[in-house]
Amino acid sequence: MSNAAPPIPTSATREATWREGVPPPLPGAQGAGDWWRVIRRGLPAILILLLGVLLILPLRGVERLLHGPRRPWTGPHVQIVCRLVLAVIGIGWQCHGRVMSQPGAIVANHSSWLDILVMNAAAPVFFVSKAEVAGWPGINVLTRVTNTHFITRDPRLARQQAQEFSDRLRAGHRLLFFPEGTSTDGRRVLPFKPTLFQAFLDEGLPADLAIQPMSVAYHAPEGRDPRFYGWWSDMELGPHLLTVLAAPRQGRVTVRLHPPVPVAGETRKTLAQKTQEAVRAGLGSDILI
């Protein structure tokens, strides 16, 4: 079996991708001014990420010795790194609400590769993603640094993966899911898939387990398409990344953490419905029904 990394996702590789509507053009970086902004923003962002990786390796080693599987240090470390990257890119952000104190997970709407930075900046979280994302160039660096939990769609591995999931929840890891199953243009919330909530109903999980909804609303730079930060359909990562970095002005993003929904007494369908309603309400006037 080849060990080569998969290519950037296209219509042939991005399964179950949302493709409604025609995405805005991705001009990338065209003139000298555009390339200067790409360098001025992109180079510091890369340096911060590299430094973050170099620092997190020994930090995680000591953390493992003292705290075992828990992540009391590296979670906040990743949070600081992502805040710095957003700052040098120039994207403003604000967060309303607090992360829940009890064990559980967070579910959110999914709009862009920027979600990795934005959601980690808002709270120490660990993403849950399909295994093939681990090989996407560029994205794979961020997912590894943020200790993403990868899952494989293979029934033969279901029991093993359920155990790994339970172990991380018991260790206090705040896992983050995208129940829509795909990214959108950032202007809507797709129906949450109830099957993704089944893992929270395992009898072996803590009795006070809860799921906290998170709404993430991107606001495009003035004069740009409202879907400017959305990454969906067959949009390629490279041109989208360059288009964002080359923008003369950046926009902002608002994160809202809602009250957690206790799992006890719920079904996977009611959990999906309640969390979806909270996420949708959190986007307010930014959403299209």
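## Strand S3 and its partners

In strand S4 (residues 149-151), His149 is the bridge partner of Val128, a residue of strand S3 (residues 126-130). S3 and S4 run parallel and are joined by three bridges. Strands here are DSSP runs of E with at least two residues, helices are runs of H or I with at least four, and both are numbered from the N terminus. Strands count as paired if DSSP finds at least two bridges between them.

S3 also pairs in the parallel sense with strand S5 (residues 175-177), over two bridges. Phe126 lies opposite Leu175 of S5.

## Basis of the model

The model is predicted; local features need pLDDT of at least 70, side-chain atom pairs count only at pLDDT 80 or more, and totals for chains, interfaces and linings use all residues. Residues are numbered from 1 along each chain as its sequence is written, and side-chain values use heavy atoms, with hydrogens and water left out.

## Burial of S3

Five of the five residues of S3 are buried, meaning under 20% relative accessible area with a 1.4 Å probe, protein chains only. One side carries Phe126, Val128 and Lys130, the other Phe127 and Ser129, and both faces are covered.

## Helices H1 and H2

Helix H1 (residues 32-67) packs against helix H2 (residues 74-89) at about 175°, with axes 9 Å apart. The two are therefore roughly antiparallel, a term for angles over 145 degrees on a scale from 0 to 180 between N-to-C directions.

Contact means heavy atoms within 4.5 Å. Residues of H1 in the contact include Ile48, Leu55 and Arg60, and those of H2 include His77, Val81 and Val88. The contact residues comprise 13 nonpolar, three polar and three charged. Ala, Val, Leu, Ile, Met, Phe, Trp, Tyr, Cys and Pro count as nonpolar, Asp, Glu, Lys and Arg as charged, and the others, Gly among them, as polar.

How values were computed
Angles under 35 degrees count as roughly parallel, over 145 as roughly antiparallel, 65 to 115 as roughly perpendicular and the rest as oblique. Buried means under 20% relative accessible area, exposed over 50%, partly exposed in between (1.4 Å probe, protein chains only).
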